[in-house]
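Keep the structure open as you read.

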Amino acid sequence: MDGILPVWKPKGWTSHDCVMKVRKILHTRKVGHTGTLDPDVEGVLPLCIGRATKIVPFLTDTVKVYEAVVTLGEATDTEDSSGEVVETREVTESFDEKTVREILYSFQGKIKQTPPMYSAVKVKGKKLYEYAREGKIVERPVREVYIHNIEKLGSMRYEDGKASFPFQVICSKGTYIRTLCVDIGRQLGYPAHMSFLKRTRTGDISKEDCFTLEEIQTLADHEAYDKLLLPLERGLNHLDAWHVDEETSERIKHGQVLPAPPQTFASDVFCVKFQDKVLAIYQFHSEKHGKVKPVRVF
């Protein structure tokens, strides 16, 4: 079995739990996930099976789409609803719709984020959440992420001295939506946290493509694997493609360094296809000008 299994991760499961479950269902060790989702978060979790594990870093690097709810008036140590409340301030005002949309729009483009203490980012070889559990606060590396689009999805809700509203964000890998919610709250003048999150798309794979773990088990029991797996190409649609002839395809199968293709690409990394099938991923050679070399050969 080779391909991409689009899983709808349920709440309460870690991404690793899903990998272990699918290994048992499909009776294979070659399963890799493409970006973790916190246990409290549900959503699209593409798993790469068999040869498709070679594309894990490329599928991980794709744009993600999330739907979230930010709650104003209460901040937590984890920046989501699972943590302990560390700051409160009663929301006593009504927010103008135009003001909220303008503040959301101000986050579009390249922004800087400081990862939350309860995250898997490593500092001096140790994960931040390990420091947090020890009650230690360490200096965290600021990093740049990209917000392609962010927009409010519904009306503001006021309840028990708090205010909340849903929004959708299309963003680069490595974006912490929890931190984005905290920063949105800060712009609105209140402590805030993320009270809900689900991922609806990873690259070209959306919620509509996904199977629940129960559906995967049922189809596997009937050996309907062809219905479960998406072709490897679906995980690489974000890359430009170089279409080659049969003679060149034979050279690519042997992983040869080749003269650079005549067309220009959006990035240094691109797919090589023969008759619409991905043969390999190539990149421009850093030492040999005018040449390209293989990164992955399928």
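Searching the whole structure turns up 13 salt bridges, where a salt bridge is a side-chain nitrogen of Lys or Arg within 4 Å of a carboxyl oxygen of Asp or Glu. Before you click on any of them, bear in mind that this is a predicted model: local features need pLDDT of at least 70, side-chain atom pairs count only at pLDDT 80 or more, and totals for chains, interfaces and linings use all residues. Residues are numbered from 1 along each chain as its sequence is written, and side-chain values use heavy atoms, with hydrogens and water left out.

Begin with Lys198 and Glu67, which form a salt bridge with their closest N and O atoms 3.8 Å apart. Lys198 lies in strand E13 and Glu67 in strand E4 (residues 64-72), so this pair ties together parts that are 131 residues apart in sequence. Those labels come from DSSP runs, numbered from the N terminus: helices are H or I with at least four residues, and strands are E with at least two. How accessible are the two partners? Lys198 has 16% relative accessibility and counts as buried, while Glu67, at 25%, counts as partly exposed. The cut-offs here are under 20% relative accessible area for buried, over 50% for exposed and anything in between for partly exposed, using a 1.4 Å probe and protein chains only.

Next, look at Glu159 and Arg157, a salt bridge whose closest N and O atoms are 3.1 Å apart. Glu159 is partly exposed, with a relative accessible area of 43%, and Arg157 counts as exposed at 53%.

Now for a pair within a helix. Glu250 and Lys253 meet through their side chains in a salt bridge, 3.3 Å from N to O. Both sit in helix H8 (residues 246-253), 3 residues apart, which is about one turn of the helix. Glu250 is partly exposed at 37% relative accessibility, and Lys253 is partly exposed too, with a relative accessible area of 48%.

On to the strands, and to E3 in particular. Of the 8 residues in strand E3 (residues 42-49), 7 are buried, so the strand is largely enclosed by the rest of the structure. Which strands does E3 pair with? Two strands count as paired if DSSP finds at least two bridges between them. Strand E1 (residues 3-9) pairs with E3 in the antiparallel sense over 7 bridges, and there Leu5 stands opposite Leu47 of E3. Strand E2 (residues 31-33) also runs antiparallel to E3, joined by 3 bridges; here His33 is opposite Leu47. Strand E13 (residues 192-202), by contrast, runs parallel to E3, with 2 bridges joining them. Gly43 has Arg199 in E13 as its bridge partner.

The disulfide count is 0, a disulfide being a pair of cysteine sulfur atoms within 2.5 Å. Cys48 is in no disulfide, and its nearest cysteine sulfur, that of Cys210, is 13 Å away. Cys48 is buried, with a relative accessible area of 0%. Cys271 is in no disulfide either; the nearest cysteine sulfur to it is that of Cys48, 13 Å away. Cys271 is buried as well, at 1% relative accessible area.
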